[in-house]
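Hi there,

Here is the structure I promised to hand over. Could you have a look at it, and then read my notes below?

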Amino acid sequence: DLIVDALNEITSRHPEVKIAIISNTALNYTEKIKNSYLITWASETYLKSMSDFTIGIMPLKDNEFTRGKCGFKLIQYLNMKKPVIGSGVGVNGEIIASNGIVANSTEEWVNAIELLLYDENRYQECVKHIENDFFDKYHYDLVVRKIISCLN
């Protein structure tokens with residue numbers, strides 16, 4: 001609900017933009033958000049579906065529960081070299097860093113989405129940071145090695 005207005009503003013300005021929702025159910029968001037469609041979540045296909053995205057988003061309300069959430073969705077997008085936009089809640093800001101843009105208001109979301117979709121230089125800067133900085137901390141292979149080490 002936090003970004004419905006921002007997404008509708010984007011699709012009004014840029015009707016070529018499509019909004020993919022990966023979930024078990026669209027919860028009426030395909031009716032609320034113009035140019036949106038549901039991709040039913042399945043463990044076998046969600047990574048392929050996410051790899052087709054241009055950017056990844058993680059909007060969160062700021063409350064006690066969400067401040068305790070990890071930024072796993074951001075990490076998934078970033079492992080696919082997708083720049084991200086997320087609310088500045090909990091660890092999101094630290095994970096996003098130079099890998100994308102922190103957005104909190106509707107205006108910030110609209111500006112961030114437009115910037116990453118339509119400014120190729122900014123998009124490529126984020127990708128460069130993902131490859132050079134993010135992967136040093138969170139890359140899948142690194143995390144797997146750490147988990148195996150702990151289990152051993």
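A word on terms before the residues: buried means under 20% relative accessible area, exposed means over 50%, and partly exposed is anything in between, with a 1.4 Å probe and protein chains only. This is a predicted model, in which local features need pLDDT of at least 70 and side-chain atom pairs count only at pLDDT 80 or more, while totals for chains, interfaces and linings use all residues. Residues are numbered from 1 along each chain as its sequence is written, and side-chain values use heavy atoms, with hydrogens and water left out.

Let me start with the charged pairs. The structure holds six salt bridges, each being a side-chain nitrogen of Lys or Arg within 4 Å of a carboxyl oxygen of Asp or Glu. One of them joins R13 to E9, with the closest N and O atoms 2.7 Å apart. These two are separated by about one helical turn, because they sit four residues apart in helix α1 (residues 4–13); helices here are DSSP runs of H or I with at least four residues, strands are runs of E with at least two, and both are numbered from the N terminus. R13 is partly exposed at 44% relative accessibility, and E9 is partly exposed too, at 33%. E9 and R13 also belong to a network of salt bridges with E114.

Two further pairs are worth a look. K48 bridges to D52 at 2.8 Å between the closest N and O atoms, and both residues are exposed. R67 pairs with D62 at 2.6 Å; here R67 is partly exposed, at 45%, whereas D62 is exposed, at 52%.

Now to S36, which lies in strand β2 (residues 36–40). S36 counts as buried because its relative accessibility is 14%. A polar atom of its side chain lies 2.7 Å from the backbone oxygen of I33 and 3.4 Å from the backbone oxygen of Y29. Leaving aside neighbours within four places in sequence, S36 is in contact (heavy atoms within 4.5 Å) with I19, I21, Y29 and T30.

Finally, the end of helix α9 (residues 140–151) holds L151, which is exposed, with a relative accessible area of 70%.

Happy browsing, and do write back with any thoughts!

Best wishes

Terms used
A polar contact is a pair of N or O atoms within 3.5 Å; within protein, one must be able to donate a hydrogen and the other to accept it, and residues adjacent in sequence count only if both atoms are side-chain atoms.
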